[in-house]
Amino acid sequence: MLRRLGLRTVALGYLVVILLAPLAMVFYRTFESGLEPVWKVLSDPGTVHAFKVTLIATAIAVPLNTVFGILCGLAIVRRRFRGKGLLNAFIDLPLAVSPVVIGLSLYLLYGRTGWFGTWLSEHGFQVLFAMPAIVLATIFVSVPFVAREVIPTLRELGNEQEQAAATLGASRWQRFWRITLPSIRWAVIYGVVLTTARCLGEYGAVAVVSGRIVDKTETATTLVEDLTLNFNTAGAYAVSLVLATIAVLVLVAMTLIRPREGRA
Amino acid sequence: MHAFWQVVSSPEAVAALKLTFGAAFVVVLINILFGTVTAWVLVRDEFPGKSLVNAVIDLPFALPTIVAGLTLLALYGPSSPVGAHVAYTRGAIVLALCFVTLPFVVRTVQPVLLELDTEMEEAARSLGAGSFTVFRRIVLPNILPGILSGAVLALARALGEIGSIIVISGNNPYHTEVASVFIFNQIQSGYPSYAAAVAVVLLGSAFVLLLAVGALRFYYTRHERA
């Protein structure tokens, strides 16, 4: 009993020191001098614009990666093709590689002397230090999440139901919409929640390619860093608070979805 | 190739890489210890609010890393209310990495422990084995694959982390500048080729770690398939 209490104290103590106490501190620091300074920072046009940029990138990246994740999951679980093992391993790459390295690869490709950058700038497209680069970086870092959730669920599911539907004359499209998708829906939703969290919070890759031009390519996360560097700590805490609140909501969504995913 | 070697062996790059790998290994060891204990407590212990604690574990996955860095700065920075000012030191880097890698080992060990039947442990205890022996001879061999794959994932994450580190480490070359920040600074100062050389080292490590996870998965699931 004593040992059990000891382990519990160690585990909970570690969580408090590393996770909870710092988070609580941010909430405290933000409201230390009242609501007014918080509101002043959050209603600043620069802040509003930064959140807008982040939301646009997220709104483009999440649907794309959801479709891609489902297709990838189906391909990896249901099909046999050359290079399948390779695809399976490479999907995880954005999780293992530093976001800065991902940013650098985009920088080298789309920069003025890059492979694609030269051609694009000749035709009047600016990718680097503009919205397209932010969107590309956001898509890149959030690729794996839907596929990672969908693959194990598809494996567990098997394809007997689909075969039965096929013998009854259902087309491939009908089988997907009526059987496969409803069966994996919680895995998809869970993947979408994780993807959204990652997109909203991406820093490393975006910071490299965005150029961080105020009112143009500044995102919520790069804004937090800039405010910190400019000693506008109250501002940095206020913006962080919004992001942290979103994170807590994501956490709640994850907790609510996970048990259902297990049952489905 | 020559140019690559020249950059990678430059004193600043070497210092950054050494620091990155050193800090990552320390953090992985901390994670193995505390992650396993946390997973054990979450599975075998009962206390009020356990499901809340279970949910909180995923916080580092949901929280933007730059916010993670700022939260640590709020508590362990220059104006620390608990008098623990570790910001702008190597300790701060370890702290930030502990924050962002916390869920990995817990989340890989937890499902294994849940599946593990307590019968074997009870049998061992009835035969006179002490708690430590039971843990070492029965529990540990069973959860080892989980610990290892969690550790590899945490290592990969720790090697590439930037957001949480950049606001708390001070990014002092030769002292608190990690590899990802070195890459970032080289790009910002207009030397993308310098950045690329160090990036290749990180990319190579990421490949090796991905292969390691794949190999672990293959090795431990081949018995199930047979």
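Residues are numbered from 1 along each chain as its sequence is written, and chains are lettered from A in the order in which they are written. Because the model is predicted, local features need pLDDT of at least 70 and side-chain atom pairs count only at pLDDT 80 or more, while totals for chains, interfaces and linings use all residues.

Student: What makes a residue of chain A count as in contact with chain B, and how many do?
Tutor: Two residues are in contact if their C-beta atoms, placed from the backbone, lie within 7 Å; by that criterion 49 residues of chain A are in contact with 49 residues of chain B. Helix 1 of chain A gives the most to this side, with 18 residues, helices being DSSP runs of H or I of at least four residues, numbered from the N terminus.

Student: Why is Leu102(B) called buried?
Tutor: A residue is buried if 20 or more other C-beta atoms lie within 10 Å of its own, and Leu102(B) has 27 such neighbours, so Leu102(B) counts as buried. Leu102(B) lies in helix 6 (residues 90–115) of chain B and, leaving aside neighbours within four places in sequence, is in contact with Ile18(A), Leu19(A), Ile57(B) and Pro60(B).

Student: How do you know whether Ala207(A) is buried or exposed?
Tutor: Exposed would require 12 or fewer such atoms, whereas Ala207(A) has 27 C-beta neighbours inside 10 Å and therefore counts as buried. Ala207(A) is found in helix 13 of chain A, and its contacts beyond four places in sequence are Gly103(A), Arg212(A) and Thr222(A).

Definitions and conventions
Helix = DSSP H or I, 4+ residues; strand = E, 2+ residues; numbered from the N terminus.
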